[in-house]
Amino acid sequence: MSLHFSVSSHANYTPFSARRESMPDTACHVSKPVFVIDANLNVRFSNRGAQAMSSEGLGGPDRFTAADKEFMARLHSWLKRCRAGSIAGETRLPLALRCGRQVAIDAVHLESIDLFVLSVDDPEVAMGRKLGQVAEACGLTPTEERMLALIVEGLDTIIAAKRLGIAPTTARTHLQRLFAKTGTARQSELVRFVATYVEEPR
């Protein structure tokens, strides 16, 4: 039996520069992590994104494991109840990565072949993808893109200016250009624009 998965990857930007140290170097450059396991936690398939999660204490070459023991207990329970037919074949489980970052695992039971698909939903990486898409679509300069990342992170222009090593007046100019290029008028609107941005099909 062979399984084929096609998971798109549009990521080209590492989000939240202040937290970059806590993220795997490849996290934003690979596809969304997907594992296919059986009821005994044997890994039947894992994509590049999933393999990159090993540094965060998630997955494994042969057996699926996680450093988060509470998550593993909930996953075991769900797998057991799924196979017994006493629970829905889909669930979402919170997971704390080794670095402390919170993600979620979306799990689906493929009943006909008795396998389970686990995909990692990482809000920080997802936001990083959106930042890259917005930067490309709106024609942002590299400095404007860095400024946008800091605004999305929740920083004001004074702190963003310090992070970027520029004057506060220059940071405000970059912010005004971001407003103009994205059609927004306030920082909260700008953050919402990025969070809800949908890339147009090419």
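**Exercise 1. Count the helices and strands in this predicted model, then work out their order along the chain.**

Start with the tally: the protein has seven helices and five strands. Now walk along the sequence, and the pattern reads β-β-α-α-β-β-β-α-α-α-α-α. For the overall picture, 45% of the 202 residues count as buried. As for contacts with a separation of 6 or more, 50% of them come from residues 24 or more positions apart.

**Exercise 2. Find where aspartate 122 sits and decide whether it is buried or exposed.**

First, locate it: aspartate 122 lies in the loop between β5 (115–121) and α3 (123–138). Next, check its relative accessible area, which is 9%. Buried means under 20%, so aspartate 122 is buried.

Skip the neighbours within four places in sequence, and aspartate 122 touches Arg101 and Val103. With arginine 101 there's also a polar contact between the side chains, at 2.5 Å.

**Exercise 3. Describe how helices α4 and α5 pack.**

Pick out the two helices: α4 covers residues 142–152 and α5 covers residues 157–164. Their axes are 10 Å apart and the angle is about 135°. The crossing of α4 past α5 is right-handed.

Finally, list who meets whom: Arg146, Met147 and Leu150 from α4 face Thr157, Ala160, Arg163 and Leu164 from α5. Sorted by kind, this contact has four nonpolar residues, one polar and two charged.

Conventions. Residues are numbered from 1 along each chain as its sequence is written. This is a predicted model: local features need pLDDT of at least 70, side-chain atom pairs count only at pLDDT 80 or more; totals for chains, interfaces and linings use all residues. Side-chain values use heavy atoms; hydrogens and water are left out. Helices (H or I, at least four residues) and strands (E, at least two) are DSSP runs, numbered from the N terminus. Buried means under 20% relative accessible area, exposed over 50%, partly exposed in between (1.4 Å probe, protein chains only). A polar contact is a pair of N or O atoms within 3.5 Å; within protein, one must be able to donate a hydrogen and the other to accept it, and residues adjacent in sequence count only if both atoms are side-chain atoms. Contact means heavy atoms within 4.5 Å. Axes are lines fitted to C-alpha atoms, for helices over the stretch in contact, and angles run from 0 to 180 degrees between N-to-C directions. A crossing is left-handed if the near helix is turned anticlockwise from the far one by less than a right angle, and right-handed if clockwise. Ala, Val, Leu, Ile, Met, Phe, Trp, Tyr, Cys and Pro count as nonpolar, Asp, Glu, Lys and Arg as charged, and the others, Gly among them, as polar.
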